[in-house]
Amino acid sequence: MKRLSLLLVMIFTVCLSWATIDEYYSFTANTATYTPITGTDAGIFSYSEVKISTNGWVGLGTSQTDDNLTNNLASTAYQPVVAPLWDDISMASGTVSYEMTGTAPNRIFTIQYADAKWNYSGSVGFNFQVQLYETGKISFIYGSSSGTPNNPSASIGINMS
C-alpha cells in the first residue's frame, strides 16, 4: 500500500509539473483496484492509431516508429505518448496485453503490462495498466508489488504537442 501511495504521489507531482497540459486535461488522483484483464497478447504492434511499447509507453497515432527506452517525456521528439512507466523494462517473463470493453461512445481500451521487470535486469515483477477512454479520459492503474525496482529511472505522464 505504501508503494501504491508513493506511486500515486509521484504521478500527481509529474502531472502538476507540466503547466501546459492542464489546458487540455484535468487531473485527479484517486485509488482504484488493479484488475487483470484477459486480453490479446500485444507484443509490439504498430496500428494506425496506437503503438504499444514493451518499454512502458503507448504512442498515439503513427509518429512513433521505434521502441525507445530512454524515458524522456521532456523531449519533443516523442509525442504524443502516454507513459505509465517509461523505462528500460523487460517483458521477457511477462506479457503485454490489450482489451477493448464497453460500447460506443463509452468504450475503454486497456493496455496491461504484467510481470514487467523494472529496470531491465530487475528481478521483481510489476503490474500496471493504461486505460484510454473513448471520452478522452486516461487512467494509469498500478498493481501491488512485493519488492523494489532495480535502479529505476522511469518517466510517468503524458507528452503532447
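## Talking through a predicted fold

Tutor: The secondary structure here comes to 1 helix and 10 strands, and keep in mind that this is a predicted model. Along the sequence the pattern reads α-β-β-β-β-β-β-β-β-β-β.

Student: Okay, let's pick a residue. Why is Lys-117 called buried?

Tutor: Its relative accessible area is 13%, and buried means under 20%. 13% falls under that cut-off, so Lys-117 counts as buried. Lys-117 is found in strand S7, residues 108–117.

Student: What makes Lys-117 and Asp-115 a salt bridge?

Tutor: The N to O distance between the two side chains is 2.8 Å. A salt bridge needs a side-chain nitrogen of Lys or Arg within 4 Å of a carboxyl oxygen of Asp or Glu. In general, side chains of opposite charge can pair when their charged atoms come close.

Student: And is Asp-115 buried or partly exposed?

Tutor: Partly exposed, because its relative accessibility is 28% and that class lies between 20% and 50%.

Student: What makes Lys-117 and Ser-93 a polar contact?

Tutor: Their side chains come to 3.3 Å, and the limit for a pair of N or O atoms is 3.5 Å. So that pair passes on distance.

Student: Which residues does Lys-117 touch, not counting those up to four places away in sequence?

Tutor: Asp-88, Ile-89, Ser-90, Ser-93, Gly-122, Ser-123, Val-124 and Gly-125.

Student: Ser-123 is on that list. Why is Ser-123 called exposed?

Tutor: Ser-123 has 68% relative accessibility, and exposed means over 50%. 68% clears that, so exposed is the word. Ser-123 sits in the loop between S7 and strand S8 (125–133). Ser-123 and Ser-90 are 33 residues apart in sequence, with 9.9 Å from C-alpha to C-alpha.

Student: Why are Glu-134 and Arg-107 called partly exposed?

Tutor: Glu-134 has 36% relative accessibility and Arg-107 has 33%.

Student: Now the inside. Which residues have the most contacts in the largest nonpolar core?

Tutor: That core has 23 residues, and the ones with the most contacts inside it are Ile-52, Ile-89, Phe-109, Ile-111, Tyr-113, Phe-128 and Phe-140. Among the elements giving it two or more residues are S7, S8 and strand S9 (138–142). A second, separate core of 6 residues includes Leu-73, Tyr-78, Ala-83 and Trp-86.

Student: What does Phe-109 contact, leaving aside its neighbours within four places?

Tutor: Its contacts include Val-50, Ile-52, Tyr-98, Met-100, Val-130 and Leu-132.

Student: And how much of the whole protein counts as buried?

Tutor: 43% of the 161 residues. The protein exposes about 8,700 Å², with carbon and sulfur atoms supplying 54% of that area.

Definitions and conventions. Residues are numbered from 1 along each chain as its sequence is written. This is a predicted model: local features need pLDDT of at least 70, side-chain atom pairs count only at pLDDT 80 or more; totals for chains, interfaces and linings use all residues. Side-chain values use heavy atoms; hydrogens and water are left out. Helices (H or I, at least four residues) and strands (E, at least two) are DSSP runs, numbered from the N terminus. Buried means under 20% relative accessible area, exposed over 50%, partly exposed in between (1.4 Å probe, protein chains only). A polar contact is a pair of N or O atoms within 3.5 Å; within protein, one must be able to donate a hydrogen and the other to accept it, and residues adjacent in sequence count only if both atoms are side-chain atoms. Contact means heavy atoms within 4.5 Å. Accessible areas come from the Shrake-Rupley method with a 1.4 Å probe; for residues, only the protein chains shown count as cover. A nonpolar core is a set of buried Ala, Val, Leu, Ile, Met, Phe, Trp, Tyr and Cys residues joined through side-chain atoms within 4.5 Å.
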